[in-house]
Amino acid sequence: MKTALVIGGTGLVGKELIKLLLENENYCKVLMFVRRKSGMQHPKLQEHVIDFSLPETWQELVKGDVLFSSLGTTIKAAKTKHRQFEVDFTYQYNFAKIAASNGVKDYVLVSSIGANSRSPFFYMQMKGKLDDAVVSLPFHKISILRPAQLVGERNEKRFGEGMSLKISRLLIKAGIMKNRFPIEGKTVAQAMIASLDCGDKITIYTANELFTLADKK
């Protein structure tokens, strides 16, 4: 029986992940760390409202078996690249570093297709820098998932996302971007859990590999 730690549990992937973990008999407890109350309630769920910028106030709570991370924001919500980098990189890296130092054994991170620390594009570079940074942490097992465009019910509407999805599907039908199928948040969540029983010590799963991985859940 495991204790799961989750950050990013109120997002598109995170909400689906929480549901699956609460239904999963292998997990006796789910600790969710959030910036504001989620309203979720379940006998197995413990919610901690924290300020990610003040790790000294919550680091002793970060104890369990597996850290699942799907935390992230948009430039629209963050307002500036500096703020987005703080949420998507700094908060996630600091939390993972503390989890590893507290003895958490396994780590599963949702990154993004195209993540590359040398990318000329800010978002892809930021995601790549996080991927590069966390693989040096002393977890027993690290799974990094790089999904293509995510689909599903979000808390907020994202400008241009609907049109982008339609274009992606047309390109896929035309044989272009055939390895970049849009993927539902629930499928990514299933792949996150399944990744713990697959792969090597450090494994990166990209795009369509996530569909195969999710089927093993």
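**Figure 1. Tyr-107, a buried residue in a predicted model**. Tyr-107 counts as buried because its relative accessible area is 0%, and the cut-off for buried is under 20%. This tyrosine belongs to strand E5, which covers residues 106-110.

**Figure 2. The surroundings of Tyr-107**. When neighbours within four places in sequence are left aside, Tyr-107 is in contact with Leu-67, Ser-69, Ala-96, Val-134, Phe-139, Lys-141, Ile-142 and Ser-143. Phe-139 is 32 residues from Tyr-107 along the chain, yet their C-alpha atoms are separated by 6.7 Å.

**Figure 3. The largest nonpolar core**. This core has 33 residues, and the members that touch the most others are Leu-17, Leu-21, Phe-68, Leu-145, Val-188 and Met-192. Strands E1 (2-7), E2 (27-34), E4 (66-69) and E5 each give two or more residues to the core, as do helices H1 (12-23), H6 (185-194) and H7 (209-215). Helix H1 supplies the largest share, seven residues.

**Figure 4. Phe-68 and its contacts**. Leaving out neighbours within four places in sequence, the residues in contact with Phe-68 include Ala-4, Leu-5, Val-6 and Ile-7. Leu-17, Leu-21, Tyr-27 and Val-108 are also among them, together with Met-192, Ile-193 and Leu-196.

**Figure 5. A second core and the whole protein**. The protein as a whole has seven helices and nine strands. Of its 217 residues, 48% count as buried. Among contacts with a separation of 6 or more, 67% join residues 24 or more positions apart.

Technical notes:
Residues numbered from 1 in each chain as written. Predicted model: local features only at pLDDT ≥ 70, side-chain atom pairs only at ≥ 80, totals over all residues. Heavy atoms only, no water. Helix = DSSP H or I, 4+ residues; strand = E, 2+ residues; numbered from the N terminus. Buried < 20%, exposed > 50% of the residue type's maximum accessible area, 1.4 Å probe, protein only. Contact = heavy atoms within 4.5 Å. Core = buried A, V, L, I, M, F, W, Y, C linked by side-chain atoms within 4.5 Å.
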